[in-house]
Amino acid sequence: IAVLIYGVLMLGGGIGGYVTAKSVPSLITGIVSGLTLVSSALVARTNEKLGFGMAAAMTGVLLVVFFRRYQETGKIMPSMGLFCLSGLMLGMLVAGHFLNKK
């Protein structure tokens, strides 16, 4: 559920970035990352390892993207807020799915 919510937030954020700032990179990043995360949540229902692996990989990419965006703009929001959210998500994925001994 957390990955699904995170994916929807990324999708909505990309669309919102385009609507407010006409940022095509935000739109593309939001659509690609959001759909990848939503897809990974759906895959995780039948194959946890693959689904959460996909989510962790995309979240790692987003960590880099948001950090670089902060370096380029110097603006704390939204880049560092999304960086922190992505870090929390990656921590949840690692703790809940990769360290969990099932």
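Modeller: The part to look at is the pair α2 and α3, where α2 passes α3 in a left-handed crossing. This is a predicted model. Two packed helices are described by the angle between their axes and the distance between the axes. For α2 and α3 the angle is about 160° and the axes are 7 Å apart. Angles over 145 degrees count as roughly antiparallel, and α2 and α3 are therefore roughly antiparallel to each other.

On the α2 side, the contact is made by S26, T29, S33, T36, L37, S39, S40, V43 and A44. On the α3 side, E48, L50, G51, F52, M54, A55, M58, T59, L62, V65 and R69 take part. By class, the residues of this contact of α2 with α3 are 10 nonpolar, eight polar and two charged.

S26 lies in helix α2, which covers residues 24-44. Its relative accessibility is 15%, and since buried means under 20%, S26 counts as buried. Apart from its neighbours within four places in sequence, S26 is in contact with G14, G17 and R69. The side chain of S26 also makes a polar contact, at 2.9 Å, with the side chain of S23.

K22 is not a glycine, yet it has a positive phi of about 55°. Most residues other than glycine have a negative phi. K22 has 58% relative accessibility and therefore counts as exposed.

Helix α1 (residues 2-21) and helix α3 (residues 48-73) have axes that come within 12 Å and cross at roughly 40°. The two helices α1 and α3 are therefore oblique to each other. Here too the crossing is left-handed, with α1 passing α3. From α1 the contact uses V3, Y6 and M10, and from α3 it uses F52, A55, T59, L62 and F66. Seven residues of the contact of α1 with α3 are nonpolar, one is polar and none is charged.

Past α3 there is one last point, in the loop between α3 and α4 (79-98), where P78 is placed. The peptide bond from M77 to P78 is cis, with omega near 5°. Most peptide bonds are trans.

Conventions
Residues are numbered from 1 along each chain as its sequence is written. This is a predicted model: local features need pLDDT of at least 70, side-chain atom pairs count only at pLDDT 80 or more; totals for chains, interfaces and linings use all residues. Side-chain values use heavy atoms; hydrogens and water are left out. Axes are lines fitted to C-alpha atoms, for helices over the stretch in contact, and angles run from 0 to 180 degrees between N-to-C directions. Helices (H or I, at least four residues) and strands (E, at least two) are DSSP runs, numbered from the N terminus. Angles under 35 degrees count as roughly parallel, over 145 as roughly antiparallel, 65 to 115 as roughly perpendicular and the rest as oblique. A crossing is left-handed if the near helix is turned anticlockwise from the far one by less than a right angle, and right-handed if clockwise. Contact means heavy atoms within 4.5 Å. Ala, Val, Leu, Ile, Met, Phe, Trp, Tyr, Cys and Pro count as nonpolar, Asp, Glu, Lys and Arg as charged, and the others, Gly among them, as polar. Buried means under 20% relative accessible area, exposed over 50%, partly exposed in between (1.4 Å probe, protein chains only). A polar contact is a pair of N or O atoms within 3.5 Å; within protein, one must be able to donate a hydrogen and the other to accept it, and residues adjacent in sequence count only if both atoms are side-chain atoms.
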